Amino acid sequence: MSDKKVLLEVKDLKKYFATPKGMLHAVDGVTFSINEGETLGIVGESGCGKSTTGRVILRLLEATDGEIFFDGKDIRSLSASEMRRMRREMQIIFQDPFSSLDPRKTVSEIIAEPLKINKLITNKNERLDRVLELMETVGLAERLINSYPHELDGGRRQRIGIARALASNPKFIVCDEPVSALDVSIQAQILNLMGELQEKLGLTYIFITHDLSVVNHFSDEIAVMYLGKLVEKAPTEELFNNPIHPYTKALLSAIPVPNIRMKKERILLKGEISSPINPQPICRFANRCPMATDACRTQEPELREVSTGHFVACALAE
């Protein structure tokens with residue numbers, strides 16, 4: 001892994017939102033990097049800041065603080081026109097394939113839109129050829145070219161979203177819960193498609209999800225987020241075999257096992273979730289942690305490496 005090129009590097013990334021009660025710390029000091037052609041899965045409960053992290057990296061939301069380097073370039077220092085060019089290489093697949101597609105446009109028009117906006121292909125016939133090529137790549141039948149999103153099922157709509165993301169030949173795609181709105185059988189098809197595309201096109205993914213069983217088969221590394229903080233990050237196999245943070249253990253215990261005879265101990269989290277508004281400099285998981293000590297309620301744990309490539313933010317990680 002060490003000889004691979006780092007495509008994306010995020011350092012101490014922060015995104016705060018002003019609320020009537022104070023500053024909401026949606027993303028608070030997140031640091032990680034992703035190698036070219038690999039996938040980082042970001043997991044956590046709803047509201048932990050994982051989708052906000054993806055949007056801030058793409059500058060769909062502006063960061064409050066921190067650094068973002070993509071292919072060696074400082075993303076936050078780019079002007080609007082420079083960022084527009086950069087977005088050809090950085091794309092996103094949204095969670096809801098219906099609300100992310102324009103209902104007044106046909107499949108052809110939706111997929112062709114990035115080609116027109118970025119002036120990548122100006123000839124109408126060449127653009128149509130590229131649209132047909134992209135439809136074939138993502139497994140959409142040619143006969144659907146003049147269909148509208150409402151006429152298609154969720155799986156086909158998500159394939160349109162993937163084709164649109166691929167139109168500008170990006171290197172990097174943020175996949176924001178791309179299968180959570182789909183049936184289980186369709187989820188598998190979309191995940192297989194994304195895996196094939198990664199292999200074929202050398203894509204780099206951030207895969208955002210709340211479902212650990214999905215990222216298990218799809219990610220090279222997994223980062224676990226809790227209330228805006230990274231609490232654990234490790235290679236996928238290492239995280240599943242040797243989870244250290246109590247929150248990670250609780251998430252893993254919630255994965256269903258397809259065997260009714262196999263008894264699996266669930267870790268049920270009790271206690272109230274800490275407020276992300278003006279949080280105290282203590283462990284944010286302490287209120288719900290069954291192993292919390294006085295130290296957890298007086299100081300904030302730092303994310304540190306406990307073994308090669310395995311980072312944990314927990315006072316008990318010693």
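Visitor: Leaving aside neighbours within four places in sequence, which residues is His 150 in contact with?
Guide: Contact means heavy atoms within 4.5 Å. With neighbours within four places in sequence set aside, the partners of His 150 are Phe 98 and Arg 157.

Visitor: What kind of model is this, and what is left out of the side-chain values?
Guide: It is a predicted model: local features need pLDDT of at least 70, side-chain atom pairs count only at pLDDT 80 or more, and totals for chains, interfaces and linings use all residues. Residues are numbered from 1 along each chain as its sequence is written, and side-chain values use heavy atoms, leaving out hydrogens and water.

Visitor: Is His 150 buried or exposed?
Guide: His 150 sits in the loop between helix 4 (124-138) and helix 5 (154-166). Helices (H or I, at least four residues) and strands (E, at least two) are DSSP runs numbered from the N terminus. Buried means under 20% relative accessible area, exposed over 50%, partly exposed in between (1.4 Å probe, protein chains only). His 150 has 54% relative accessibility, so this residue counts as exposed.

Visitor: How far apart are the C-alpha atoms of His 150 and Leu 101?
Guide: Along the chain, the two residues are 49 residues apart.

Visitor: In what order do the four strands of the open sheet run, and which strands stand at its edges?
Guide: Strands pair if DSSP finds at least two bridges between them. The order is 2-1-4-5, with antiparallel pairing. A strand with a single partner has one side left without a neighbour in the sheet, so the edges are strand 2 (22-35) and strand 5 (73-74).

Visitor: What is the bridge partner of Phe 69 in strand 5?
Guide: Strand 4 (residues 65-70) and strand 5 run antiparallel, joined by two bridges. In strand 5, Phe 69 is partnered by Asp 74.

Visitor: At what angle to strand 1 does helix 1 run?
Guide: Helix 1 (residues 50-57) lies across strand 1 (6-19), strand 2 and strand 4. Axes are lines fitted to C-alpha atoms, for helices over the stretch in contact, and angles run from 0 to 180 degrees between N-to-C directions. Helix 1 runs relative to strand 1 at about 115 degrees.

Visitor: Asp 65 lies in strand 4. What is its relative accessible area?
Guide: Leaving aside neighbours within four places in sequence, Asp 65 is in contact with Asp 12, Leu 13, Lys 14 and Arg 76. Asp 65 is partly exposed, with a relative accessible area of 39%.

Visitor: Which residue in the turn between strand 9 and strand 10 has a positive phi?
Guide: Strand 9 pairs with strand 10 in the antiparallel sense over six bridges. Strand 9 also pairs with strand 3, in the parallel sense, over four bridges. The hairpin of strands 9 and 10 has two residues between them, and the one with a positive phi, about 45 degrees, is Leu 227.

Visitor: Why is helix 9 largely enclosed, and which parts do its buried residues pack against?
Guide: Seven of the eight residues of helix 9 (residues 246-253) are buried, so the rest of the structure largely encloses it. Those buried residues pack against strand 3 (39-43), helix 7, strand 9 (221-226), strand 10 (229-235) and helix 8 (236-241).

Visitor: Which residues touch the most other members of the largest nonpolar core?
Guide: A nonpolar core is a set of buried Ala, Val, Leu, Ile, Met, Phe, Trp, Tyr and Cys residues joined through side-chain atoms within 4.5 Å. The largest has 55 residues. Touching the most other members are Ile 162 and Met 194.

Visitor: How many aromatic pairs are there, and how many residues apart in sequence are the parts tied together by Phe 207 and Phe 218?
Guide: Rings of Phe, Tyr and Trp (its six-membered ring) pair if their centres lie within 6.5 Å; planes under 30 degrees apart count as stacked, over 60 as edge-to-face and the rest as tilted. The structure holds six pairs. Phe 207 and Phe 218 make a tilted one, 4.8 Å centre to centre with 50 degrees between the planes. Phe 207 lies in strand 8 (residues 204-209) and Phe 218 in helix 7 (residues 212-218), so the pair ties together parts whose separation in sequence is 11 residues.
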